[in-house]
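Good morning, colleagues. Please look at the display as I speak.

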Amino acid sequence: MSCTEHERTQLLADGELSGEDARAARAHLNGCAACAAQFAEIRALGDAVRAGAMRYRAPARVAARVRKAVAAEGAPRRGFWLGAASGVGASALAAALALAVLLPPSAETLADRIADSHVKAMMQGPLIEVASSDHHTVKPWFAGKIDLSPPVKDFKAQGFALQGGRLDHVDGYPAAVLVYRHGGHVVDLYVWHGARAAGTATRHGYAVQSWVSGDLDYSAVCDAPPSELRQFVKLVRGEED
Amino acid sequence: MDERRRRFEAQALPHLDAAYNLARWLAPAHADDIVQDAMLRAFRSFDGFRGADARPWLFAIVRNCARDHAGRARGRAQVPLPGEEDGAALPDPAPGPEQQAAGASERRRLDAAIAALPEEFRTVLILRELEELSYREIALALDVPVGTVMSRLSRARAMLKDGWMTP
């Protein structure tokens, strides 16, 4: 039943032949029942596998873990937030922390805190604790974990795709953080109450934009150019108005 | 963000699903860890990657990671039987309602028959029929000669036909 040309027939069925080789192999099929049957069988089996076999897709948790691990690798080996802390004496640090708790931060120091927190989450994780692009999943996740309900909206069509959220802290205040993806960048949106500071700043290549709306404080942070972050903030603010 | 990460996110990360699919077919219980290891390894060695399509290169790393995992987990023998766990499967092209009942059990049998193939045959079959790689790309991914790809594929098909067609 097998023909000496069966290897060429396999190559033809798998699309490995072109031009004159393919034409010759096809011509052979016309006169050889064994090869014609073999060809049809290979194609039918391939079609059956493509149509019927499981094709798994990476679950969101795996995608999030991979992105986090890669982001951590790509960040500076020695994070500036570690470097900053290591150069300061323990007592000076304690004094600074005490002051920070007592005084509401200015927009500048707020930008530092937000950038630190963002980089820390990227490097050490967790960046995302609830991974979903569905606001019906992300918003309820915060209920009972924090005493505020952040506005959750996906802006995928505008280039900022909701990835999920996490709990974090800003100056010791609990914050709800919504995580978005913008091209190759991760955008964090911090929502909390306590700072009452507004402004924009760039810290170590991270753009930070903060504002106050109603009784909530907002800060968006990203390593994309500030103009792109502004675009994101417009989307978020448009949503609240 | 540095240039390597940008390139990696553009060229390698889009194939995360394909990498996961291969890992699931190689080691269903450890696919999460294998893929995470593999993508991190890929990122670390991404400077060495030159080419248009990162898939063969990624598949080679996934396979190495799967082998490392199997080495670590030796003794805990397991027969892979995909389809029962929580991994998200791409829905198949929607079949007509009348085909659905018969289709589901038929697909399960097909999955079981593929899962029952020895690893080296299962891998070539997945790479050729699901990922539609060329012989050359499969040879790159498996680090074997093209002739070996050809003979393994032929053997894999014969085994699958036997396992699937025989009730």
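In chain B, helix α7 (residues 135-142) packs with helix α8 (residues 146-165) at an angle of about 100 degrees, and their axes are 8 Å apart. The axes are lines fitted to C-alpha atoms, for helices over the stretch in contact, and angles run from 0 to 180 degrees between N-to-C directions. Angles of 65 to 115 degrees count as roughly perpendicular, under 35 as roughly parallel, over 145 as roughly antiparallel, and the rest as oblique. The helices α7(B) and α8(B) are therefore roughly perpendicular to each other.

From α7(B), B:Tyr135, B:Arg136, B:Ile138 and B:Ala139 meet B:Val146, B:Val149 and B:Met150 of α8(B). Residues are in contact if their C-beta atoms, placed from the backbone, lie within 7 Å. The residues of this contact divide into six nonpolar, no polar and one charged. Here Ala, Val, Leu, Ile, Met, Phe, Trp, Tyr, Cys and Pro count as nonpolar, Asp, Glu, Lys and Arg as charged, and the others, Gly among them, as polar.

A word on conventions. This is a predicted model, in which local features need pLDDT of at least 70 and side-chain atom pairs count only at pLDDT 80 or more, while totals for chains, interfaces and linings use all residues. Residues are numbered from 1 along each chain as its sequence is written, and chains are lettered from A and ligands numbered from 1 in the order in which they are written.

I turn to chain A. Its secondary structure comes to nine helices and eight strands; helices (H or I, at least four residues) and strands (E, at least two) are DSSP runs, numbered from the N terminus. Of the 241 residues in chain A, 37% are buried. A residue is buried if 20 or more other C-beta atoms lie within 10 Å of its own, exposed if 12 or fewer, and partly exposed in between.

Strand β2(A) is joined to β3 (residues 161-170) of chain A by two bridges, and the two run antiparallel. A:Val130 has A:Gly165 in β3(A) as its bridge partner.

In the loop between α8 and β3 of chain A we find A:Asp154. A:Asp154 counts as partly exposed because it has 17 C-beta neighbours inside 10 Å. Leaving out residues up to four places away in sequence, A:Asp154 touches A:Ser133, A:His135, A:Ala161 and A:Leu162.

Next, the meeting of the chains. In total, 30 residues of chain A are in contact with 41 residues of chain B. On the chain A side, α1 (6-13), α3 (33-52), β1 (56-57) and α4 (60-74) each supply at least two residues. By class, that side has 15 nonpolar, six polar and nine charged residues.

Which residues touch the most other members of the largest nonpolar core? Among its 99 residues, they are A:Leu189, A:Ala220, B:Ala19, B:Ala23, B:Val35 and B:Val62. Such a core is a set of buried Ala, Val, Leu, Ile, Met, Phe, Trp, Tyr and Cys residues joined through C-beta atoms within 7 Å. Not counting residues up to four places away in sequence, B:Val35 touches A:Ala58, A:Val62, A:Val66, B:Ala19, B:Tyr20, B:Ala23 and B:Val62. Apart from this core lies another, of six residues, including A:Leu29 and A:Phe39.

Finally, helix α2 (residues 16-26) of chain B is mostly covered, with nine of its 11 residues buried. Among the buried ones are B:Ala19, B:Tyr20 and B:Ala23. B:His15 lies in the loop between α1 (3-11) and α2 of chain B. Is B:His15 buried or exposed? B:His15 counts as buried, because it has 22 C-beta neighbours inside 10 Å. The C-alpha atoms of B:His15 and B:Arg55 are separated by 6.7 Å, although these residues are 40 apart along the chain.

Technical notes:
Two residues are in contact if their C-beta atoms, placed from the backbone, lie within 7 Å. Two strands pair if DSSP finds at least two bridges between them.
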